[in-house]
Each structure stands twice: as C-alpha cells, then as structure tokens.
Amino acid sequence: MSKPEKIVAVKGMNDILPQDAPMWELFENTAETILKSYGYQKIVTPIVEDTSLFARAIGAVTDIVEKEMYSFEDSMNGDKLTLRPEGTAGAVRAVIEHNLVYEGPKRLWYKGPMFRHERPQRGRYRQFFQIGAEAVGFSGPDIDAELIMLCRRLWDDLGLQNVRLELNSIGNADERLRHRADLIAYLEQHEDILDAEAKRRLHSNPLRILDTKNPAMQEMVNAAPKLLDYLGEESQAHLDGLKKILDRNAVQYTVNPRLVRGLDYYNRTVFEWVTDALGSQGTICAGGRYDPLIEQFGGKPTPAVGFAMGIERIIELMKGLGETQAPSQCDVYMVHQGEAAQAQAFIMAERLRDAGLDVVLHCATPAGSGSFKSQMKKADGSGAAFAVIIGEDEMANDQAAVKAMRGDAGEQQQANVPFDGLVDYVVDQIIGGGEHDCDDENCNEHGHHRH
Ligand code: ATP
Ligand code: MG
C-alpha cells in the first residue's frame, strides 16, 4: 500500500498549539476580566450569516466585500452564506433581532474566529481571532473615551509598551460628501501619482485612498484636503468632548487626519492602537462609531460605537516581552506498576482531583505501560510538583511514595504516605509552600488549592 498523502491546514489558517495555548489563555482571561470590570456582557453569534448581512453592513465597495469574503451557497437549500469577516454585523443583527436595547443601552463584547480571503503574511491570516466590544445606544463622547481607556488598561495589564493611540473624526455623511467632492478634484489633479488601486477607488471610495501604504503617494495624500476641516459644529464638539476626557485621564494620542476605517458604516470617532514592533501589520486594535448602522438594518435609530482587536498580533507582541516559563501540565503525576497498583492509582487520582489538584495519570502507549524509570522521566517532563508512586511494595504496605520533583536533586525528598492520608499530605505540601514561596494570604497563584 502506498503511503497516504498528508493533509495540511488550509493556507492562511493556523493551529494554536499547546505550547502557545497558555499565552492565549492569559490574553483572553485578562481581556475578559477587564471587559467585565467595565460592565460589558458577552454575546455569542454564529460564525455563518446570510451574505446580505455583510454586504449591507460593511458596504459594497470595501476591501472585505469586494474581495475578501468566504461566501458559498448551501448545497442543501441554496442559501447564500458567508463566514463572518468581522464581528460587528452579527452583533448588531442580534441586537435588533432580539430587541436587546429595548430596556436601554447595552455594553456587549464578543470573541472568536473571523475569515477573510487575504494574502497570508505576518500578522495577516485567512482565519484570525478578534475580541471586540460594542456599546449600543450611547451617543456621547464619554462612551468612546471609556472604550479607549478599557484598551489602555488591557495594554497596561499585559505589560505591552510602545502601543500608541491614533484618533480622528470622519464626521457625518453630509460632511464627508462635501469633503469628498474636494478630495476627488484634488486627487484628479494628481492622477499621474495614483496607483492602480487608487485609480479604481477614485470615485467609489476616495477616502480610503488616504489610507494608502504606497510610499510614492504619501506626500500627495498628506497634502490632500482634510476631512477634519469639514466637520460641522456637532461633530467638532463630539471630537472636542472626547479629547477633553482623554486629556483629563492622561490618555495620550495623536490626531491623525488621514485615519479612516475600511468599513463603510463608521461616522465621527475612529481610532487605532498601533505599534511599530510588528512590521507593517502594526494595528492591534481598531474602533469607531457607527451611528447610522442600526437604522440601516431596519432598527430604530440607535447610536453605537465599538472596537475589534486582532488577537494574533497581540500574542506576537506578548511573545516579544521575553521568555515566559513553560507552565506545568499538572500538580501531580501518578506513577504505577502492576494491575492492583493501577486500580489504586485511578482511585487516588480521582480523590486528588476532588481536592482541586491537577493530576496526570500515567497511561499505556504502544511501547507498553512503561518502567518506573521511564514513568519518572515523564513525571519530570510534566512539570508536576510531586510524583505519587504506587508499586507492588507500596500496595503491600497500603501507602504511596510521594516524591517532590522541584528543586535540586538533594532537596527532592521522598516520603511514604498511607493511602488514607495521601490527599491531605499532598494538599498540605502544595499549599505549605514547597513549590510556591509566597506568604501573601491573598495570593491567587494557587487559589484553587485552598478549601
Ligand atoms: P487592514 O487595513 O490592515 O486590512 P482592517 O481595516 O481590514 O485592517 P479591521 O477590519 O478594522 O482591519 O480589523 C480590526 C483588527 O483585526 C485589525 O486592526 C487587526 O488587528 C485585526 N485583523 C484584521 N484583519 C486581519 C487578518 N487578516 N489577520 C489577522 N488580523 C487581522
Ligand atoms: Mg483589511
């Protein structure tokens, strides 16, 4: 028989391997704790939605709808469906469908995979994860400031430095329309400098040309008419209000008049958290106001603002902070030999888990059930604080051998402990400090070991 061909992951779609999982968990736990501390509630929406939802929400002439969506026809019934490219459209659909703002404004957050058919490169994937927040039913600049400060707290808690905030207002539809006419006229005067992409966008989405990364166009777009100069009184007051709150709370930012969003539904506040540490994919969080969207979807006019973070990019930043110690797989590794000892090991492992400990029980592999020596090697590799050893001798004496695995060989004491007292002994040892010398009663490090 010839060797079957290997199946590999879809291009641009990544596995998150066990060695990276603790970093992801740390990020997600930190973000979720902070979101909760600001009163945000979790919402989970399907990964697949009707294609028309995104076409309408995101706008027909955006990158996403023009060329990045994974759309397909359900072969069972002909429904036109799309893998969600972002989270706001689904969240807003759910808010309207379930009348979530009936009783008042809502602070929501979500996380999960998003899908865009882009050219895979560092920081840009075809499946990527976002965590995002949507504040629905709030109109003032106060909530915009809150969202921004929530992000700042997250960077602080994660220890991320060199993340800076860029801010802009893109006004309302009328203001953009007045600016657009002048912008198109300006761009037409410089048609010789426009690249193919910009030429294509000239009449469909000229604002996005300002966002270009093409170095040859930088000088030209820098001098283009600025939307900021076209803001009416209310939009200006909104922006000023936001800046005032940020200033009072010592949030640093730069106003970037060329900052726009790739999606059509935004108005007024737009912001990005950017770093130089990730090459050209340096935006780790992007947000803004989308007051018109809910009405566009057939809901009652409801202002809203939100942000989305690209988790892969943040994880890469976290990795750059330095070597993190490989976390241990368990507190206790159970080593056993012989049928009776195995039966006893199963019982003791369950009791230790009842007491809140993480326990890995040695199990057979194709190479066999393993000598004591090879099992001890596994115990060592697991990072366990203790190995609990049960063999024929131990069975005969109704006791287990408990070996401390941390510290120098000289410190690795071994004790014989009756089965009846094993759980208390191990719990005592672990809380008592051997593996964690912290006197602080409130230390959470081993919170789950306290009873
Ligand atoms: P860009 O201009 O870089 O394409 P975008 O406007 O498409 O960005 P958003 O739709 O605002 O990005 O998404 C919010 C955040 O999600 C981005 O700032 C980024 O951190 C992350 N993100 C977006 N697309 C990808 C992707 N293909 N792979 C990984 N992360 C992504
Ligand atoms: Mg994009």
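Is Arg107 buried, partly exposed or exposed? Arg107 counts as partly exposed, at 26% relative accessibility. Here buried means under 20% relative accessible area, exposed over 50%, and partly exposed in between (1.4 Å probe, protein chains only). This is a predicted model: local features need pLDDT of at least 70, side-chain atom pairs count only at pLDDT 80 or more, and totals for chains, interfaces and linings use all residues. Residues are numbered from 1 along each chain as written, chains are lettered from A and ligands numbered from 1 in written order, and side-chain values use heavy atoms, leaving out hydrogens and water.

**Domains**
- The chain is assigned domain 1 (21-171 + 231-319) and domain 2 (332-431); such bounds come from an automatic or database domain assignment.
- The centres of domain 1 and domain 2 lie 48 Å apart, taken over C-alpha atoms.

**Salt bridges**
- The count is 19 salt bridges (a side-chain nitrogen of Lys or Arg within 4 Å of a carboxyl oxygen of Asp or Glu).
- Glu146 and Arg107 form a salt bridge, 2.9 Å from N to O.
- That pair links distant parts of the chain, 39 residues apart: Glu146 in helix α5 (residues 141-158) and Arg107 in strand β5 (residues 106-115).
- Helices (H or I, at least four residues) and strands (E, at least two) are DSSP runs, numbered from the N terminus.
- Glu146 is buried, at 18% relative accessibility.
- Glu118 pairs with Arg124 in a salt bridge, closest N and O atoms 2.8 Å apart; Glu118 is buried at 12%.

**Helix α13**
- Arg353 and Glu350 form a salt bridge, with closest N and O atoms 2.8 Å apart.
- Both sit in helix α13 (residues 339-354), three residues apart, so about one helical turn separates them.
- Arg353 is partly exposed at 33%, and Glu350 is partly exposed at 43%.
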